[in-house]
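Work through the two exercises below with the sequence and the structure in view. Each task is followed by a solution in steps.

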Amino acid sequence: MIILRYVKLPSENFEEFFNSLKQWGEINAPVKQGNIYSFKKVDSLKEVSLDYTRTMLPPKKFFVKPRDELLKLKEGKWEESNGTKPVVLFGVHSCDIHGLQILDKVYLDEPVDIYYKKRRENSIIIGISCMPDEYCFCKSLGTDFAMTGFDLFLHELPDGYLVRVGSVKGHEIVWANEGVFEPISEEDLKYFREFEEKRANSFKRSLNKEGLADMLDLAFESPVWKKYEKICLGCGNCNMVCPTCRCYEVCDLWVNAYEGVRVRRYDSCFMESHGLVAGGHNFRPTRLDRFRHRYYCKSYFDPSAGFNCVGCGRCDEFCPAKIEHVKVLDEVREALK
Amino acid sequence: MNPYQTYDAKILEIRELTPREKLFTLRFVDSEANKEFKYKPGQFVIVDIRGFGEFPISLCSTPTREGYIQLCVRRVGRMTKYMHTLKEGDVIGIRGPYGNGFPMEKMEGSELILVSGGLGMAPLRSVLWYAIDSGKYEHIYLLYGTKSYEDILFRDEIIHLLKHGDAIGCTVKLAYEVESPSCIYLERGFSPKVCKGVVTDLFRGMEFDVENTYALICGPPVMYKYVIKELLDRKLSPGRIYMTLERRMRCGIGKCGHCIVGTSTSIKYICKDGPVFTYWEALSTRGLI
Amino acid sequence: MLKLGVFELTDCGGCALNILFLYEKLFDIIKFYEIKEFHMASSFKEHDHLDVAIITGTVSCQRDLELLKRVRNNSNYVIALGTCATHGDVQGSVEGSIREKLEKVYGSRANPMKALDSKPIVEYVAVDYALPGCPYDKDEVYQVLMDIAKGVEPPKKDYPVCIECKLNEYECVLIKRGIPCLGPITLGGCNAICVKSKVGCIGCRGPLPKEANPASEFEILKELGYDEEYIRKKFKTFARGELRW
């Protein structure tokens, strides 16, 4: 049972609070790098871009690494790769918290992926409120507000942050830093509500999820897929940046003459080998098959976990062909009428 | 427990079944691992050639014969090509078993129709011998479509069952595509059980009690819909049609995503939800077959 | 011990040199291979039959062609190394016949060196493994040689540059800076080294086999304001006429 508790973190104590987090683990926060944001290790608050839109790679990179060394080959036997260090993910948006919860369903399901589990247990998630940009459509998927999946969640106030505590660890952090927090006032709550309302009204994009799964299933032969097959580059960028895409490929590499490593890396369902089986049969032989497959996978509604999409907008922002997730689904729906 | 760790298994015996397929008989080096390894017909394992990679393969031995496991490997890709160069006594890694397997208990007391084409014989051989050994099934039919005489997997077993199968409640029927003296010899000796044609030709004149029959199918992807048509024409319920499917799984435990099939209304992992599915499931999950 | 030969046809020499840049990792290789010919490394030369032959460069003259055929006939496993060998690279993309080129440069159509139109070696002989790149990633050749030494077929890559670019979390120069980048249609394996330095992918590893969608890439670059002639040239620099739209 999660006890929701609200405290206030005044602006003047913010830096002190931030620095105190170092004792819980290595702080990783969104940092501006050229024209993108990326979760990176930070030493001081001034490196952090708190008003970021979205990082290129979602926080899943801390739990399933882009290139993840699973096993080391020593004298013909696999040794498990070394343990994990505690990390504090500072400034995670609500959509990404939801994304991690979707990954949890996969990686923590039996048999548990021990690498993922260890890293998850060794992490502290500190969420932060945000304002949507032109790509965001999380509100229509219900992932714009996180009820669980974080330790602390910071909501912007004019003079600090309203902090929601989301876990026992979160309580422990507040407990250990009692001095920096204050009780919240009625006024803070009022601002919090106003902020959320303003935010809710700022979304420019929304996904019509009414009967989405059935609608898509009926649209298997839709001409819209054919249209996008020509536009799509099949480059897999959308998969790489997606917080819920989890396909991985495994390769064994030699590190020296007799020792090797088994590495997994993010894979994309746009790759030819994704649906290929021994003997040369390909279950998704064309780009159309693969394009459609991705939309089917993202729009699958799992009664216990919801859609496989959190509306973060990364696939739109990082698609070289400027294919827009919501627009494709709207067009498919339109063509069905 | 690291689910990606593999256990040493020693190759006890290698038999060349055809020029392309070899049968590997394996036993875990660790005796505990041998005891713990329990499987059902239709399940699969992941073979790990350390330093080179892994590949999934179905178990073709039966759990009724303990002490070893058998894998039938066709030389077709880079890993299986390497597997074929291994010798008796070599050690490889194995993890598993994975997948749901065939519901053997549920089918007890019924007639089983095993329909296989080509390499599909491998997982069904596990069912075949499980059913014969346990003696809990009313009758077993094996309909096997092969390209040529040389391609018949487990040829000695198939010929043995053609000769003596009926006495132990197992009728084998064989269809071949490429004519050769050996096939004609078989056809003369075992008419009408052996004929020239494809596996669906073996259904000709076949009747079965739809209330008490299960069909189990495994073969190349193109085979399924033709076989299913024959079964549905004879009014067998889709719930009594089981098929086992293949994908190239990287993990075998529902993580890597390579075996995800379906559409927005139904997504299945072949490795975790399968590889055995009923025809009902195929109807509700597009792309399964 | 496997017998290994490294042969250069017409190229800049970088591909052969890049093998030497494996430095200490070369010692792993010579645990399994005996180097029987490697012009760039040693004047030692002794072989009649090779287990593995690495060939770099394009076939650009009669001497190249003869060497290529001799090596192919006397080797079990031939690796075409570098884009010259696999796709023809820059010299392969120069249009026009050799006689015309000779006349343009030397003022005479005479061809005393028996020059040929530059073509990749894959146009003349079948190769067992093609590893493109201008230059290729040296760890790739290391992995390939190690796999062969251990008796397994080296895996083939099937993904574009974008995949590795994202794995490394490099800023997308095409989307964020409008720099022409052929990453989405170019075979990966280079670890997106150009994009790391904020340079667009120039397509040096050749088009992604079967999967590339150059027509869409063409439209994207056109929308960014590059003219058709520029894009056409960019497309064919390394891939000759292989990218069509």
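**Exercise 1.** In which hand, left-handed or right-handed, does H11(C) pass H12(C)?

The model is predicted, so local features need pLDDT of at least 70 and side-chain atom pairs pLDDT 80 or more, while totals for chains, interfaces and linings use all residues. Residues are numbered from 1 along each chain as its sequence is written, chains are lettered from A in the order written, and side-chain values use heavy atoms without hydrogens and water.

Step 1. Locate helix H11 (residues 214–223) and helix H12 (residues 228–239) of chain C, whose axes come within 10 Å and cross at roughly 135°. Helices are DSSP runs (H or I, at least four residues), numbered from the N terminus.

Step 2. The crossing of H11(C) with H12(C) is right-handed (the near helix is turned clockwise from the far one by less than a right angle).

Step 3. On the H11(C) side, C:Pro214, C:Glu217, C:Phe218, C:Leu221 and C:Lys222 meet C:Glu228, C:Ile231 and C:Phe235 of H12(C) (heavy atoms within 4.5 Å).

**Exercise 2.** Find which helix gives the most to the lining of the largest cavity.

Step 1. Helices H8 (237–241), H9 (287–298) and H10 (314–317) of chain A each supply at least two lining residues (an atom within 4 Å of a point on a 1 Å grid where a 1.4 Å probe fits but cannot get out).

Step 2. H9(A) gives the most, with 3 residues.

Key:
Axes fitted to C-alpha atoms, helices over the stretch in contact; angles between N-to-C directions.
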